[in-house]
Structure formats: C-alpha cells, structure tokens
Amino acid sequence: MRRQFTEARPIEPVHEDGSPSVTSLRPAAVLVPVVARAEALTVLLTRRTDHLHHHPGQISFPGGRVEETDVSAVMTALRETEEEIGLDPDCVELLGELPEYRTGTGFRITPVVGLVHPPFDLSLDSFEVAEAFEVPLSHFLDPARHQKHQAEYQGRMREYYAMPYGDYFIWGATAGILVSLYRFLGEGR
C-alpha cells in the first residue's frame, strides 16, 4: 500500500447545468485516515451532524466537494479534513488513491489514503461534525463484517455495504470505500 504520489491529478469541473452524467457528477474527495497507533492500526471516522443537507447523521470520512482553487483530489481531501476536524496535514503521510466511488446522490468521490502519525490534536467543526472516533482497521478487513443491504431510493432498488461497529452503523459510500480498501490490500497479499 506504499504507493507514493508522483503528481497531482487534476479534478475536472462540474458542468454548469449540474446534469448527472458520469463526467458531471459533483467531484469530491475524502481522506481515508489510517492512524498508526502503537497497539494497532485504526481508521479515523466522523459522524456528521443531524442538520446537514447531504447525508445527515451518517458516519463518514472527512472530506467534501472540490473547490475551484483545489488542483487535485489530495488537496481537496487534506483541506476538507483540516477544516472539518482540524487534523494538520503535516501529520498525514500520503499513501495513494483508491478507485473513484460514485454515489447515487450525485457525487464522484476520490478516496485518498493517508497514514496519520500520532500525536495529533483534533478540533471539530461543530456545524458539520458531531464526533470523531477510531475503529480498528482489522474490523474492516474481516470479510465476515461486510454486509450487503438493499433499499429503495428514487424508485430504484439499490444495494449498499454496511459494516456496523458497536453503536455505529457504517454504511453507504463510507462502507463501499472501506470494501475498496479491503480489496486493494487483499490483492497485495
């Protein structure tokens, strides 16, 4: 998983009409923060506040929409992570990008994987983030925890992954990206 970035990949702009096609989905990026704890690797996640328009109350990675000034997915992921949870980009060792994840809600997400080196302090943006917490990476690497669910959304049945952990229901894009990480790591074995 030690893929280093050789150059930043430019992000294509959203079309003016906002039409939902593969190339005009709203570009976004998230940081998949793997924390290098002495005991074991963990994944840092957030719970979004309940009043947000997109994905309220859901478990997510720090990240968000690409802004015009962002020159790459890496820049978006690090900027959004610092804005949302106050994680200093200097604490993050960039490892690589996972395949793009497209959501049924109109986003094209680039997951950027980074190894986070403690110690670090977090300062949560209380408007966007209700809490931040860590889950052992081993939880997500156990295929027995990869549940498939179905739900109707906009008149269509959709399948999605879920990986509950304690009181947290981790599902949708977050779980899908974690399955992508699992598959990537599995290919390297």
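Q: Where is E83 placed in this predicted model?
A: E83 sits in helix 1.

Q: What makes E83 buried, exposed or partly exposed?
A: The relative accessible area of E83 is 41%. Buried means under 20% and exposed means over 50%. The value falls in between, so E83 is called partly exposed.

Q: Which residues are linked with E83 in a network of salt bridges?
A: The network joins E67, D70, R79 and E80 with E83.

Q: How do you know that the span of helix 1 is close to the expected one?
A: Helix 1 covers residues 73-85, which is 13 residues. At 1.5 Å a residue, 18 Å is expected. From first C-alpha to last, the helix reaches 18 Å.

Q: Why is helix 1 called largely enclosed?
A: Of its 13 residues, 10 are buried, so the rest of the structure largely encloses helix 1. Among the buried ones are A73, V74, L78 and I85.

Q: What covers the buried residues of helix 1?
A: The cover includes strand 1 (26-36), strand 2, strand 4 (63-65), strand 5 (92-97), strand 7 (107-116) and strand 8 (129-136).

Q: What is the phi of G86, the residue that follows helix 1?
A: The phi of G86 is positive, near 75°.

Q: Why is T46 called buried?
A: The relative accessibility of T46 is 1%. The cut-off for buried is under 20%. T46 is therefore buried. This residue lies in strand 2 (residues 41-48).

Q: What does T46 touch, beyond residues up to four places away in sequence?
A: Its contacts include Q58, I59, F61, I85, V129 and F133.

Q: What makes a group of residues a nonpolar core, and how many residues has the largest one here?
A: The members must be buried nonpolar residues joined through side-chain atoms within 4.5 Å. The largest such set has 27 residues. V43, L45, F61, V113, F140, I177 and L178 have the most contacts inside it.

Q: Which elements give two or more residues to this core?
A: They are strand 1, strand 2, strand 7, strand 8, helix 2 (137-140) and helix 3 (172-187). Helix 3 supplies the largest share, six residues.

Q: What is L45 in contact with, leaving aside its neighbours within four places in sequence?
A: The contacts of L45 include I59, F61, F133, F140, I170 and T174.

Q: Why is the pair E134 and R37 called a salt bridge?
A: The closest N and O atoms are 2.6 Å apart. The limit is 4 Å, so the pair qualifies.

Q: What makes D142 and R145 a salt bridge?
A: The N to O distance is 3.7 Å, and the limit is 4 Å. D142 is partly exposed at 29%. R145 is partly exposed at 38%.

Q: How many salt bridges are found in the whole structure?
A: The search finds 10.

Q: What does UniProt list for residues 165-185?
A: The unreviewed entry lists them as "transmembrane region". In the model, the span is 67% helix and 0% strand. Its end C-alpha atoms lie 21 Å apart.

Methods. Residues are numbered from 1 along each chain as its sequence is written. This is a predicted model: local features need pLDDT of at least 70, side-chain atom pairs count only at pLDDT 80 or more; totals for chains, interfaces and linings use all residues. Side-chain values use heavy atoms; hydrogens and water are left out. Helices (H or I, at least four residues) and strands (E, at least two) are DSSP runs, numbered from the N terminus. Buried means under 20% relative accessible area, exposed over 50%, partly exposed in between (1.4 Å probe, protein chains only). Contact means heavy atoms within 4.5 Å. The expected span of a helix is 1.5 Å times one less than its number of residues. UniProt positions are given in the numbering used here, feature names are shortened, and annotations may be inferred rather than shown by experiment. A salt bridge is a side-chain nitrogen of Lys or Arg within 4 Å of a carboxyl oxygen of Asp or Glu.
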